[in-house]
Amino acid sequence: MSWLARAQALDALEPPARAVLEKLAPMELPAGAVLFHPGESVKGYAIVLSGRVDVSLTGATGREILLYSVVPGQSCIQSTMGLLGGSDYTAEATTQTDTTLVLLPRIEFLQLVDSSPAFRAIVFRAFSDRMQNMMQLLEKVAFQRVECRLAEHLLALAESANPLRITQAELASQVGTAREVISRRLESWTRRGYVRTGRGTIEILDAQALREIAQPQM
């Protein structure tokens with residue numbers, strides 16, 4: 001069976017475009033594999049079939065911020081910008097779980113953008129969605145207090161699991177702040193009975209308190 005059956009976002013492709021993609025073989029990558037570094041030229045367009053790839057940016061001080069994650073059905077804006085505009089990567093991408101993906105080389109990518117209206121629509125729709133998410137992240141980091149961002153993020157993570165298995169360093173990257181700031185906030189919330197922390201775990205005890213903190217201040 002073709003790997004295209006696992007990529008529902010590509011169901012609308014025309015037969016010629018599907019034929020091009022069917023020639024590509026999926027890649028199996030372990031958790032922790034680095035797909036690209038800042039300064040590298042863009043290799044191709046990644047189509048994630050399973051797993052998760054995190055794209056993060058590290059500043060001169062060593063502080064890291066998670067820009068976005070790529071899961072099946074989503075695109076990597078860094079790759080799209082590089083392929084369309086010729087720019088190099090400015091962030092780093094690392095697999096967070098065992099990941100299966102297909103890498104569409106630059107030449108084939110540009111050919112499909114030119115020849116396949118369906119593929120072009122898929123690429124630009126995914127690019128638009130990702131840009132909107134990036135603007136929301138920028139707005140939160142620029143204008144929302146750390147307490148609000150942290151509480152909101154913990155509540156979102158807890159929708160799938162509670163206790164959460166996550167380190168303070170990972171939280172800092174995802175929220176866009178320093179690990180020391182996360183540590184102080186969690187210590188304060190622990191004293192108030194909002195959360196319980198352990199080695200690599202955080203349990204939400206008072207979700208309503210966190211919802212109130214997450215509300216933007218007028």
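At 0% relative accessibility, does F109 count as buried or exposed? The points below take up this question first and then turn to other parts of the model, which is a predicted one.

1. F109 counts as buried, because its relative accessibility is 0%, and the cut-off for a buried residue is under 20% relative accessible area. F109 and F119 form an edge-to-face pair, since their ring centres are 5.8 Å apart and their planes stand at 75°. This pair ties together parts of the chain that are ten residues apart in sequence, because F109 lies in helix 3 and F119 in helix 4. F119 is buried, as is F109.

2. The ring of F109 also pairs with that of Y45. The structure holds four aromatic pairs, and one of them, formed by Y45 and F109, is stacked, with 5.1 Å from centre to centre and 25° between the planes. This pair links distant parts of the chain: Y45 belongs to strand 3 and F109 to helix 3, and 64 residues separate them. Y45 counts as buried because its relative accessible area is 8%. Through such ring pairs, Y45, F109 and F119 are linked into a cluster.

3. In soluble globular proteins, nonpolar side chains tend to be buried together. The largest nonpolar core here has 38 residues, and those touching the most other members are W3, L10, L21 and V55. Several elements each supply at least two residues of this core, including helix 1 (15–22), strand 3 (44–50), strand 7 (99–105) and helix 4 (117–143). A second, separate core contains 20 residues, among them L155, L171, V175 and I182.

4. Which residues does V55 touch, apart from those up to four places away in sequence? The contacts of V55 are F36, L66, L67, Y68, V70, C76, Q78, A91, E92 and A93.

5. I77 is a residue of helix 2. With a relative accessibility of 3%, I77 is counted as buried, because the cut-off is under 20%. Setting aside residues up to four places away in sequence, I77 touches Y68, F127, R130 and M131. The C-alpha atoms of I77 and D98 are separated by 21 Å, and the two residues are 21 residues apart along the chain.

6. Apart from its neighbours within four places in sequence, S69 is in contact with R52, V53, D54, Q74 and R130.

Technical notes:
Residues numbered from 1 in each chain as written. Predicted model: local features only at pLDDT ≥ 70, side-chain atom pairs only at ≥ 80, totals over all residues. Heavy atoms only, no water. Core = buried A, V, L, I, M, F, W, Y, C linked by side-chain atoms within 4.5 Å. Buried < 20%, exposed > 50% of the residue type's maximum accessible area, 1.4 Å probe, protein only. Helix = DSSP H or I, 4+ residues; strand = E, 2+ residues; numbered from the N terminus. Contact = heavy atoms within 4.5 Å. Phe/Tyr/Trp six-rings, centres within 6.5 Å; stacked < 30°, edge-to-face > 60°.
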